Amino acid sequence: MSDGPILLGLTGSIGMGKSTVAQMFADLGVPVFDADAEVRAMQGPGGSLLGAIEAEFPGSTDENGVRRDELGAQVFSDPAALARLEAIVHPAVAAKRREFLLRNMDAPVLLFDIPLLFEKGADYVERTVVVSAPLEVQRARVLARPGMTEERFAAILAAQMPDAKKRERADYVIDTGLPLDETRAQVGELLASLIA
Ligand SMILES: CC(C)(COP(=O)(O)OP(=O)(O)OC[C@H]1O[C@@H](n2cnc3c(N)ncnc32)[C@H](O)[C@@H]1O)[C@@H](O)C(=O)NCCC(=O)NCCS
Ligand SMILES: Nc1ncnc2c1ncn2[C@@H]1O[C@H](COP(=O)(O)OP(=O)(O)OP(=O)(O)O)[C@@H](O)[C@H]1O
């Protein structure tokens with residue numbers, strides 16, 4: 001009997017290239033579970049969580065789904081409110097994750113793209129991958145995004161676990177400060193070593 005897939009968690013600080021590297025795994029045939037995308041779908045127009053969120057946070061949804069700025073303003077300044085939101089969202093994400101796992105039991109490796117992997121704990125992953133680039137590369141990428149300012153970047157960095165600590169905790173580090181094809185080669189090597 002097979003032992004089932006290796007469950008790999010992918011994380012990294014803002015702008016380090018997590019989505020890009022997740023896509024590289026997907027290009028190599030690895031099924032990817034995108035926790036953020038699942039949450040956004042369930043919070044979007046017609047999403048399954050809108051009723052529960054509206055009941056707990058009146059006025060936080062409309063015909064387009066969750067009003068993200070409005071709800072964010074309510075929960076990010078109030079830990080108890082954030083905990084009430086998480087109590088609605090996290091069990092629903094966990095259910096989606098179980099469906100994903102059952103659908104993909106035949107794959108050798110599954111990748112879970114989890115922005116707050118270390119901050120929130122994700123005991124279902126067996127090994128962790130952190131994407132990391134030098135601070136100056138990260139800064140340049142993030143500040144190139146529309147609407148981003150030095151102040152917002154600093155605030156987001158301060159709220160996340162530092163990159164150095166993530167690297168220390170990781171089982172594997174993928175260097176995203178390199179040309180894309182070199183990073184892609186690292187992803188290929190990691191995958192080959194896992195499957196071997
Ligand atoms: C409150 C919401 C609607 C705000 O959405 P918005 O698009 O404005 O912000 P976004 O999701 O991009 O998050 C903004 C920043 O806050 C951080 N953040 C998001 N959720 C959390 C959380 N539960 N705890 C701590 N930080 C969080 C993100 O890492 C990011 O740095 C949304 O963040 C949400 O529903 N969060 C609770 C659900 C959750 O835990 N999601 C994480 C993936 S499972
Ligand atoms: N070697 C590399 N690896 C990854 N991304 C790279 C690399 N070189 C350049 N980039 C670029 O850096 C950007 C990284 O953005 P991406 O959305 O992948 O980051 P992210 O970590 O998922 O972001 P966030 O956590 O803020 O959502 C992309 O525009 C990507 O093309």
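Me: Helices (H or I, at least four residues) and strands (E, at least two) are DSSP runs, numbered from the N terminus. Where is the place of Gly17?
Reply: Gly17 sits in the loop between β1 (6–11) and α1. This is a predicted model, where local features need pLDDT of at least 70, side-chain atom pairs count only at pLDDT 80 or more, and totals for chains, interfaces and linings use all residues. Residues are numbered from 1 along each chain as its sequence is written, while chains are lettered from A and ligands numbered from 1 in the order in which they are written.

Me: Is Gly17 buried or exposed?
Reply: Gly17 is buried, because 24 other C-beta atoms lie within 10 Å. The cut-offs: 20 or more other C-beta atoms within 10 Å is buried, 12 or fewer is exposed, in between is partly exposed, with C-beta atoms placed from the backbone.

Me: What is Gly17 in contact with, leaving aside neighbours within four places in sequence?
Reply: Gly12, Val131, Ala133 and Thr176. Contact means C-beta atoms, placed from the backbone, within 7 Å.

Me: And Lys18, where is that?
Reply: Lys18 is in helix α1. Lys18 is buried too, as 24 other C-beta atoms lie within 10 Å. Beyond four places in sequence, Lys18 touches Leu10, Thr11, Gly12, Asp113 and Val131.

Me: What does UniProt list for "binding site"?
Reply: The unreviewed entry lists Gly15, Met16, Gly17, Lys18, Ser19 and Thr20. UniProt positions use the numbering here, feature names are shortened, and annotations may be inferred rather than shown by experiment.

Me: Which residues come nearest to ligand 2?
Reply: Gly17, Ser19, Thr20, Thr176 and Thr183, out of 15 residues around ligand 2. A residue counts as near if its C-beta atom, placed from the backbone, lies within 6 Å.

Me: Which element gives the largest share of that shell around ligand 2?
Reply: α1, with 4 residues. Both α1 (18–27) and α10 (180–195) supply at least two.

Me: How do the residues around ligand 2 divide?
Reply: 6 nonpolar, 7 polar and 2 charged. Nonpolar here is Ala, Val, Leu, Ile, Met, Phe, Trp, Tyr, Cys and Pro; charged is Asp, Glu, Lys and Arg; the others, Gly among them, are polar.

Me: Now ligand 1. Which residues come nearest?
Reply: Ala35, Arg68, Leu71, Gly72 and Val89, of 17 residues around ligand 1. The elements giving two or more are α2 (35–43), α4 (68–75) and α5 (79–103). That shell divides into 12 nonpolar, 1 polar and 4 charged.

Me: What are the domains?
Reply: Domain 1 is 1–28 + 126–196 and domain 2 is 32–103. Their centres, taken over C-alpha atoms, are 24 Å apart. The bounds come from an automatic or database domain assignment.

Me: How many residues are in the largest nonpolar core?
Reply: 25. Such a core is a set of buried Ala, Val, Leu, Ile, Met, Phe, Trp, Tyr and Cys residues joined through C-beta atoms within 7 Å. Leu8, Leu10, Val21, Phe25, Leu111, Phe112 and Val187 have the most contacts inside it. Two or more residues come from each of β1, α1, β5 (109–113), β6 (127–132) and α10. α1 gives the most to this core, 4 residues.

Me: What does Leu8 touch, not counting residues up to four places away?
Reply: Val109, Leu110, Leu111, Phe112, Val125, Arg127 and Val129.

Me: Where does Val125 lie?
Reply: In the loop between α6 (117–120) and β6. Val125 counts as buried because it has 20 C-beta neighbours inside 10 Å. Its contacts, leaving aside neighbours within four places, are Leu7, Leu8, Gly9 and Phe112.

Me: How far apart are Val125 and Gly147?
Reply: 22 residues in sequence and 34 Å in space, C-alpha to C-alpha.

Definitions and conventions:
Contact = placed C-beta atoms within 7 Å.
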